Amino acid sequence: MKNMKESYEKNNNEQCKRIQDFLNEVDSIRKEIDAATTQGAKESNLQSQLEEEVTSRQMLEQRCKELECRVQELLKGKLGTESLRDANEQSEQVKVNLKEAHSWLKSNFDELQLQMLRNKQKSMMTVRKEFNNLKISPYFPTSTLEHWETKQKLQLISRKLLLEDKTT
């Protein structure tokens, strides 16, 4: 009877240890999921910055078109040569500014897209690794049915051990 009690306590302790290991693993997975969620928020922030820069670019292009139209109006109106020179200088300055803004926006756009792609790839790799770890883990049943079957098998093993202890 004493051996049976010791065996039962030993099995119970082993099960407690397994359960604790499982809970620790679930906790670490939750932390990694939270980290992936935080990464998603960062990607969302990058996406909003990208949208702001695209809007800014569109506004600059619209302003450029307006200034070009203004230059055309000045040319058509045959204003004095002084106003034509000023308009031409403004147009050239706007063109230079627009080229600079365009190159700056394009480089930032490309960087943000690359960074967002890298972040998505990292997130996907992390999630895939965790998913694969969950599939492989002997402590994590993949379905409720498997969990129930495992429980039934453990109960059967426990009964067999108890019967063996009684016979010895």
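These legends describe close-up views of a predicted model. Local features need pLDDT of at least 70 and side-chain atom pairs count only at pLDDT 80 or more, whereas totals for chains, interfaces and linings use all residues. Residues are numbered from 1 along each chain as its sequence is written, and side-chain values use heavy atoms, with hydrogens and water left out.

**View A. Aspartate 21 pairs with lysine 17 in a salt bridge.** The closest N and O atoms are 3.5 Å apart. A salt bridge here is a side-chain nitrogen of Lys or Arg within 4 Å of a carboxyl oxygen of Asp or Glu. Both residues belong to helix 1 (residues 2–76). They sit four residues apart, about one turn of the helix. Helices (H or I, at least four residues) and strands (E, at least two) are DSSP runs, numbered from the N terminus. Aspartate 21 is partly exposed, because its relative accessibility is 29%. Lysine 17 counts as exposed at 52%. Buried means under 20% relative accessible area, exposed over 50%, and partly exposed in between (1.4 Å probe, protein chains only).

**View B. Aspartate 27 meets lysine 31 in a salt bridge.** The N to O distance is 3.7 Å. About one helical turn separates the two, because they are four residues apart in helix 1. Aspartate 27 is partly exposed, with 36% relative accessibility. Lysine 31 is exposed, at 54%.

**View C. Arginine 63 and glutamate 66 form a salt bridge.** Their closest N and O atoms lie 3.9 Å apart. The spacing is three residues in helix 1, so about one helical turn lies between them. Arginine 63 has 45% relative accessibility and is partly exposed. Glutamate 66 is also partly exposed, at 40%. Side chains of opposite charge can pair when their charged atoms come close.

**View D. Cysteine 69 is in no disulfide.** A search of the whole structure finds zero disulfides (pairs of cysteine sulfur atoms within 2.5 Å). For cysteine 69, the nearest cysteine sulfur is that of cysteine 64, 9.5 Å away. Cysteine 69 is partly exposed, because its relative accessibility is 47%. Cysteine 16 is partly exposed too, with a relative accessible area of 43%.

**View E. Asparagine 119 is a buried residue of helix 2.** Helix 2 covers residues 81–136. Asparagine 119 counts as buried because its relative accessibility is 10%. Asparagine 119 touches Gln39, Glu43 and Leu46, leaving aside residues up to four places away in sequence. Contact means heavy atoms within 4.5 Å.

**View F. One cavity of 30 Å³ or more is present.** The largest cavity holds about 40 Å³ of space. On a 1 Å grid over the protein atoms alone, a cavity is a set of points where a 1.4 Å probe fits but cannot get out. Grid points are joined across faces, edges and corners, and a volume is the space filled by probe spheres set on the points. Cys64, Leu67, Glu68, Ser91, Val94 and Lys95 form the lining, each with an atom within 4 Å of a point. Helix 1 and helix 2 are the elements that give two or more residues to this lining. The lining divides into three nonpolar, one polar and two charged residues. Ala, Val, Leu, Ile, Met, Phe, Trp, Tyr, Cys and Pro count as nonpolar, Asp, Glu, Lys and Arg as charged, and the others, Gly among them, as polar.

How values were computed: On a 1 Å grid over the protein atoms alone, a cavity is a set of points where a 1.4 Å probe fits but cannot get out, and a pocket is an open set with protein on both sides within 12 Å along at least five of seven lines; lining residues have an atom within 4 Å of a point.
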